[in-house]
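Open the structure in your viewer and keep the selection panel at hand. The tour goes stop by stop.

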Amino acid sequence: MSAKIKSPWILHYNCGSCNGCDVEILACLGPKYDLERFGIINKGNPKQADIFVVTGPVTKRTRARLLRLYMQIPEPKVVVAVGTCACTGGPFRNMYNVENGVDRFIPVDVYIPGCTARPEAILKGIKKAIEIWKIKTKESIEVPVVIQKEFEETLSKMVLHGQTVDRRKIIHDLVNKYIKNNLEVTKCD
Amino acid sequence: MAWMLETIAILSPIIGGFIYGFERVVKARMQNRQGPPLLQPFYDFIKLVEKRAIQVHSFHSMMGLAFFFATWFTLAAFLCGPNILVGLFLHILALAFLIIGGFSVLSPYSVMGSLREIIHLMCVEPILILVAVGLFLVTGSWSVRDILSYSGLPILYLPLVFIAFVLIIPAILKKSPFDISEAHQEIIGGPEIEYSGFFYEAIYTAKWIEYVFVFAIVFLFTGVHWWLGLALSLLVFLFINALDNSTCRANFHQMIKFAWFVLLPLAALNIFVLALWRYVI
C-alpha cells in the first residue's frame, strides 16, 4: 500500500481553459517545483493514468470528451479540478457556452481554487488527491454525476428482477447513451 | 563467475529496473531537478498491479505479455547461447509481437506507432548485425562467453562500428532524438497506448530488459577487461542521457537517412578494412 502512493501518474485535460492554469501545472512539473520527485509523470494516456487533472470551465465542445476520458481511466482514480473555472465556472459562470464547472459532469475529489491556481496550491492539492487515492481500490466504482439518477433507477430495476449486476457495464452504456442524446454538438451550435 | 551470464539473464528485469531508476535520477540531475527515488520503477510496478486492467481484446493483451517473455528470452539466448546472431534475430521477433499487438487494435495512434516501430527495426537491426560480425572478425567467435575471454580490446579494432552502435542506441531504447515510435505527447506511446494495468506492466518491464540488452552489447567491446567494460558502459550511459536531454525529436526521414547513409556505411567501412587486414593482406 505504501509503494502505491509513490507513483501517481497524472492525465491533464484542458476543457476550454485560458491556458493560465495549464502553464502553472507545467511549472509544477518543471525544475523549480519538480513533481517528479513524488514519482508523478504527466502521462498523456488515460488508460495508464491515476489522477485526472482538469482545468477550465467545461465548454460545450469539450464536455463529451471530458466524460469519455473519465470513463477510460481505470479504477482507482481521483479527479482534481484546478482553477476557479474548473471549480465553479469562474468569470465564465452562466455564459451560454459554459457548463459551470467540472463537478456538473464527473465526481470531483479535490478543488484547487485560484485564478490562476498557484503552483504551491496545485502541489498541495495533488498531495491531498494522493491521500484520497490511497483509500480507493480497484472496486471503488464512481458514477458520473450526469447519469446518477438513471443509474440508480436501472440498478433498482435490475435488482428487483433478480438480474446479475455489472456496474461498470451499466455505467458505460448509460454514459454512451447520454453522450449520444445530449452532448452531440452540431456545426451551427 | 561461472554462472555470471545466466544469473544476469534471469535477474535482468531487476537489474534493468535499477538501470532505469538510475537513469531517471541522472536525467533529473542533468535538468537541475531532484528527481524520483532510485526505486521508482519498482513503485510503479507495484502500483500497476493494483490498477484495473482494461482489455481491448484478449489477443492484444496476449501480445503484450508475449513481448515481455520474448524480450526476456532474447536476452537469455543472447547471453548464454552459442551464437549472438540468434539473440539478435530473436530481438526482431520480440519487437514483432509489439508491432502485431499495435496493429491489432483500431486506435490510430497505436497503428501509427507500429508503423514507426517497423522503421525503427529497419534502422537498428542492420547495425546490430554488423556489430556481431565485427566482434566475430576480431575475436573469432560468435558466443558471448568467448568474446568476453578475448584478451585484446575489440574496441580498438572496431572504433567506427562502436560509434555507429552508440549513435543508434537512442533508436533501440526509444530516446530522443530517435524516439519516433513512442513520441510522448505526439502519438502518446505509440504501440503501447492501449495497454493498461497488468498488461502495461509487461511492456514497461520489457523496456527495462532492453536496457540490459543494450549495455551488454556495449560491454562486449572491451573483451576480458571487465573494469574497462563497466567504465565504457557508464560513459555510454551518460552520453545517451545527455543526448536525450539536449536534442529534439527527429522525423523518420532524418532517422532513416542518418542510419542508412551515415552509420551503416561507417560500420561497413570499418568491417571491410578489418576483413582485408585479417584475411587478405
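Which domains does the domain assignment of chain A give? Select residues 4–135 of chain A for domain 1 and residues 145–182 for domain 2; such bounds come from an automatic or database domain assignment.

Before moving on, note that this is a predicted model, in which local features need pLDDT of at least 70, side-chain atom pairs count only at pLDDT 80 or more, and totals for chains, interfaces and linings use all residues. Residues are numbered from 1 along each chain as its sequence is written, while chains are lettered from A and ligands numbered from 1 in the order in which they are written.

**Between the domains of chain A**

The C-alpha centres of domain 1 and domain 2 of chain A are 26 Å apart. Eight residues of domain 1 of chain A are in contact with five residues of domain 2 of chain A (contact: C-beta atoms, placed from the backbone, within 7 Å).

**The sheet of chain A**

Next, select the five strands of chain A, which form an open sheet in the order β2-β1-β3-β4-β5 with parallel pairing. Strands (E, at least two residues) and helices (H or I, at least four) are DSSP runs, numbered from the N terminus; two strands pair if DSSP finds at least two bridges between them. At the edges are β2 (41–42) and β5 (110–112) of chain A, each pairing on one side only. Now pick β3 (residues 51–55) and β4 (residues 78–82) of chain A: five bridges join these parallel strands. V54(A) stands opposite A81(A) in β4(A).

**Chain B as a whole**

Switch to chain B, with its 12 helices and zero strands. Its C-alpha trace spans about 60 × 40 × 40 Å along the principal axes.

**The largest nonpolar core**

Select F67(B), I127(B) and I168(B), which touch the most other members of the 72-residue largest nonpolar core. Such a core is a set of buried Ala, Val, Leu, Ile, Met, Phe, Trp, Tyr and Cys residues joined through C-beta atoms within 7 Å; buried means that 20 or more other C-beta atoms lie within 10 Å of a residue's own, with C-beta atoms placed from the backbone. Helix α10 (residues 198–220) of chain B gives the most to this core, 18 residues. Leaving aside residues up to four places away in sequence, F67(B) touches residues including A94(B), F97(B) and A202(B).

**Where the chains meet**

Finally, show both chains: the contact takes 26 residues from chain B and 16 residues from chain A. Helix α3 (residues 40–50) of chain B gives the largest share of the chain B side, six residues.

Key
A residue is buried if 20 or more other C-beta atoms lie within 10 Å of its own, exposed if 12 or fewer, and partly exposed in between; C-beta atoms are placed from the backbone. Two residues are in contact if their C-beta atoms, placed from the backbone, lie within 7 Å.
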